[in-house]
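This briefing goes through one protein chain by topic. Keep the sequence and the model at hand while reading.

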Amino acid sequence: RPTEASSFLIPTRGDLHFYDAWARRILQGQLTDHQAFYGLPGYAYLLALLYKIFGYSPFAPGFLQAMLDAGTALILYKLGARLFSAESEVIGPTSPDPEWNFFQHNRGELIGVIAALGWGFFVPAQAYSVILMPTSWLIFIFWFVIWRLVRNDRAPALIECLLLGLLIGITATGIATILFLIPLVLVALVIKAGLGKEFRSVLVAALLLLAGVAFGTSPAW
């Protein structure tokens, strides 16, 4: 049929077709075949939910993923503004050149804008944001977790550690690469809380993080 021949509509082969066909089976009531999942199930169930709400079309998932892609650009801007701001390090003597002074005091914002624009014009990101693949979700959540870790000088609160673990776990049911964030979060807890001074709080935060990951991934295992 014409719709099946169009590369801009429902895919007919490859990973895109795999997720689409799986989501349609879920919509038809086949929630599970009572065996181990052939692939990571999270994205297929998310697609089924979006199909249920907005109708059977790739437009709604693609539009939502495009919004997530824009959110990634915003997070990159915030990271640049935070990490390279004038307050993040001691500024030297004032220069007689007003343009240089402007750059020094607005360095973070300028770097953040460059990073966001770079992401906005990154063609692979544009492509993955409009196809039926979980890549845009992974990238947005990855940088969102990074942003939560570096947005201030304090370690995340205990409840935030649990929620971050839950977010990582749920995301892992769709694309397991997100699990590489776990060591990074644990290192951030140790560095920011101070292992020698706050050993007990670091241990509790780490356990809550891992508990959230375990609970988030539990539907897949």
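Does Asp20 count as buried, partly exposed or exposed at its relative accessibility? Asp20 counts as buried, at 0% relative accessibility. The model is predicted. The secondary structure of the chain consists of eleven helices and zero strands, and 37% of its 221 residues are buried.

**Salt bridges**
- The structure has four salt bridges.
- One of them joins the side chains of Asp20 and Arg24, at 3.4 Å from N to O.
- Asp20 and Arg24 both belong to helix α2 (residues 14-27), and because they are four residues apart there, about one helical turn separates them.
- Another salt bridge links Glu160 and Arg148, with an N to O distance of 2.7 Å.
- Glu160 is in helix α9 and Arg148 in helix α8, so this pair ties together parts that are twelve residues apart in sequence.
- Glu160 also forms a salt bridge with Arg151, where the closest N and O atoms are 3.9 Å apart.
- Through shared partners, the salt bridges join Arg148, Arg151 and Glu160 into one network.
- Arg148 is partly exposed at 24% relative accessibility, and Arg151 is partly exposed with a relative accessible area of 31%.

**Second largest pocket**
- The second largest pocket holds about 220 Å³ of space.
- Helices α3, α8 (135-150) and α9 (158-172) are the elements that each give two or more residues to its lining.
- Residues lining this pocket include Tyr43, Leu46, Trp137, Ile141, Leu167 and Ile170.
- Among the other lining residues are Gly42, Pro134, Thr171 and Ile175.
- The lining has eight nonpolar residues, four polar residues and no charged residues.

**Surface patch**
- A nonpolar patch on the surface is formed by Leu49, Ile53 and Phe54, which together have about 340 Å² of accessible area.
- Leu49 is part of helix α3 (residues 42-54).
- The relative accessible area of Leu49 is 48%, so Leu49 is partly exposed.

**Gly80**
- Gly80 sits in helix α4 (residues 59-83).
- With a relative accessible area of 7%, Gly80 is buried.
- The C-alpha atoms of Gly80 and Glu109 are 6.7 Å apart, while the two residues are 29 residues apart along the chain.

Terms used: Residues are numbered from 1 along each chain as its sequence is written. This is a predicted model: local features need pLDDT of at least 70, side-chain atom pairs count only at pLDDT 80 or more; totals for chains, interfaces and linings use all residues. Side-chain values use heavy atoms; hydrogens and water are left out. Patches are made of residues with over 30% relative accessible area and no salt bridge: like charges are joined within 9 Å, nonpolar side chains (Val, Leu, Ile, Met, Phe, Trp, Tyr) within 5 Å. Accessible areas come from the Shrake-Rupley method with a 1.4 Å probe; for residues, only the protein chains shown count as cover. Buried means under 20% relative accessible area, exposed over 50%, partly exposed in between (1.4 Å probe, protein chains only). On a 1 Å grid over the protein atoms alone, a cavity is a set of points where a 1.4 Å probe fits but cannot get out, and a pocket is an open set with protein on both sides within 12 Å along at least five of seven lines; lining residues have an atom within 4 Å of a point. Grid points are joined across faces, edges and corners, and a volume is the space filled by probe spheres set on the points. Ala, Val, Leu, Ile, Met, Phe, Trp, Tyr, Cys and Pro count as nonpolar, Asp, Glu, Lys and Arg as charged, and the others, Gly among them, as polar.
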